[in-house]
Amino acid sequence: FEVDVKKHIIEEARRLARKYGKIVRGLNEESWNKVLYFVERDLLGYGPINALMEDWNLEDISCDGVNRAIHVWHRKYESIPTNIVFVDREYLREFIIKLAHLGGKHVSAAFPIVDTMLPGRHRLAATFGEEVSPRGSTFTIRKFREKPFSIVELISEGNIDTWTAAYLWLMLENRMTLMIIGGTAAGKTTFLNAIASFIKPGMKIVTIEETAELNLPHVNWVQLISRESYGLGESKLGEISLYDLVRVSLRYRPDYIIVGEIRGAEAFVLFQAMATGHGGLTTFHADSLQNAIRRLMSPPMNISEPYIPMLNIVIYVSRTALPNGTFGRRLRDLWEIEDYGKYRRLVVWDMKNDRHMIVSDSYLLDVLSERLGRDKNDLLDEIARRQIFLLWLKERKILEMKDVARHISMYYNFPEEMYEKAYSDLRRMGIDIDKYVIRRLAPIIKMEKAVAKEAYRPIEKPVAKIEITTRATEKIEKVEKEKVEAEPIKTMPHISLDEIKLLRIVENHGGEIDLKSALNESGLSKESFWKVVSNLRRERLIQTSLMYIDNKPLLGFKLTARGEEFLKRK
Ligand SMILES: Nc1ncnc2c1ncn2[C@@H]1O[C@H](COP(=O)(O)OP(=O)(O)O)[C@@H](O)[C@H]1O
Ligand SMILES: [Mg+2]
C-alpha cells in the first residue's frame, strides 16, 4: 500500500509539474530528484526529522519548543543536539498535529497532550501550543527497536552475567514473581522483555500495557492494551484502564501476568493475583528498593505489608558510567524478598571492576528446594548447566530473540542433549568452563567481567579478609536472629481475645496456615482480621510466610518461637 501511495504522489507531482511547467522549467534531473525527495519526505515521512527517524542509532528524539535545537539520544554518543531547529511556532504546531494524526490521535487546544504510538511502534508524547508548555509545542519520540534485545545480547553487553541470567531462568520456570525497578529509560522494559523469554514456552502469558512495547516469542500469549477515555475532561467514558485489564486477565487463567509498568491501583490487583499463585512480572519507576516498597504501600497502590513478600525478586537496573569511561546499562542489584522488611541482596554489580558478584546465599533456592523436593546443590548444578548453555549461545553469537527463544525451548525439551552439545562445543573452542561456572555459593563470588575477552579468567579467590568478616557478620546476624526468636517472654504481651483465637487457629494447623483458611476460620471481617494479624506481627508472635500448596505459592502465617512459647504459657 505504501509503495502505491508513493508512486501515486510522484506521478501526481510530475503531472502538476507538467501542468505548471513554467515554474519548474529548467529543472534538471538532479534538481527534480531533490524536489521529489522533499515531497516524499514531507508528505509520507516525518518531514524535518525524517533523517533522524531513519537513523537506527538514535533512541530518542526530542524537541523542547521553538528556537531550541532538537536533541537526540545516540546509542554511542548519548545526548547530542542536532542542527535542526523549529523556528516558527505555527509550523511546529502543524507538525505536532501531523504527528498525532500519524498516531491516530487528535491534538488541539482543548486536548493539548497526546501519548500515542506512531507507525513502526515508535512512541510519541507531545504537547500542543502554549497550553501546557509555554515555550511552544514539544514532543519526544522514543524509537522502537524492531528487534527486541534478547537475553544473550544483554549478556554479551555485560548488562547481566550468565549466572544471574541462569538463576532467573530457574526462578521463572518455577513461577517466581519479579519486579524491575530503575529510572526513566534505564532499560526496565527491555530487561523485562528479555528475561520473559525464559518462561516455559507452553505457559499461558497475559501482558498488560498502556502502549504496546513488549514483544514475546510465546505462542500462548494474550496481549492487552489499555485505552484512554474518549470523554471530555474528567469523564472516564470509554476508558479501559490497566486496573480493568489486570482484573480481566485473571479470567484467562494465566501462568504469568506481565504488567508493562505499574503506576496506580492496578498494582494492588497484581499483588492479589500473585498471592493466589499467578506468576507476575512488572516494572516500576523507583530509584531504590526502599523507595519502591514505600511507594507500593502508599496510595494509590495501597499494598499491605503481608502482600510485600508475594514479590519474590526485585532487580534494580540503571544506566551508569563504566570503568572504561563509556556508559552502559547494568543490573545493579538483585534482592530476594523474604518478608516485609527482610530483603536479601544476592547479586551486586561491582562498579570498579565492571563485574557482577554473588554476595550472599540464596533464600529462594531454599524455598524451591523444599517445594520441588530437590537438593539445593542439585538446583545450583542446574543453574550451572544453564549458565554453560547461555555462555555457549553467547560464544556462538546466537543473539536474535527468535533464535534465542528457539534454543531455550530446545533446552526445556532436551536438557541433557543441549547441555552436552553446549559443553563439548565450548571445550572445542578452548574455553575453560569449569573455572568459569559457579556450582556452590560461597560468601562472595566474583563473576565474569563484562568485557568478553576477560570473561574466562579463573575466578579469583575471595579476598581472605572480606571472607572472614562476611562470615563473622553472618554468624552474628544469625545469633541475633535466634536471640529474637527465642527471646523469653518477660512481660506477657497484651493481646485481645480475637488475637488469641487466631493464634490457636494457627497452632491447630500445625503452626502454619494459609491466609484464606485463617480468614475463614477466624470468622472475622476482613478489616478486623488484618488488624488482628498486624498486632500479632507487631508482637512478633506470628510471621508472614509463603506456603506451597499444590505447587502454588500461597500467602500464609506461621507461629514464631515466641508465639509458641506464648501459647504454652497461656
Ligand atoms: N541493554 C541495552 N542496550 C542498549 N540499549 C538499550 C538497552 N536497554 C534499553 N535500551 C534502549 O534504551 C531505551 C529505553 O529502554 P526501556 O527499556 O524502554 O527503558 P525503561 O522501561 O526503563 O524506560 C530504548 O530505546 C531501548 O532500546
Ligand atoms: Mg518502560
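A crossing is left-handed if the near helix is turned anticlockwise from the far one by less than a right angle, and right-handed if clockwise. The model here is predicted, so local features need pLDDT of at least 70 and side-chain atom pairs pLDDT 80 or more, while totals for chains, interfaces and linings use all residues. Residues count from 1 along each chain as written, chains are lettered from A and ligands numbered from 1 in written order, and side-chain values use heavy atoms, leaving out hydrogens and water.

**View 1. Helix α12 (residues 363-372) against helix α13 (residues 376-395).** α12 passes α13 in a right-handed crossing. Touching residues (heavy atoms within 4.5 Å) are L365, D366, L368, S369 and L372 of α12 and K376, L379, L380 and I383 of α13. The axes, lines fitted to C-alpha atoms over the stretch in contact, come within 9 Å and cross at roughly 110°. That makes α12 and α13 roughly perpendicular (65 to 115 degrees).

**View 2. Helix α7 (residues 162-173) packed on α13.** The axes sit 8 Å apart at an angle of about 120°, and the crossing of α7 and α13 is right-handed. On the α7 side, W163, Y167 and W169 are among the contact residues; on the α13 side, they include R386, F389 and L390.

**View 3. Helix α18 (residues 497-508), end to end.** E499, I500, L502, L503, I505 and V506 of α18 are buried (under 20% relative accessible area, 1.4 Å probe, protein chains only). After α18 comes G510, with a positive phi near 85°.

Conventions. Axes fitted to C-alpha atoms, helices over the stretch in contact; angles between N-to-C directions. Helix = DSSP H or I, 4+ residues; strand = E, 2+ residues; numbered from the N terminus. Parallel < 35°, antiparallel > 145°, perpendicular 65-115°, else oblique. Expected span 1.5 Å × (residues − 1). Buried < 20%, exposed > 50% of the residue type's maximum accessible area, 1.4 Å probe, protein only.
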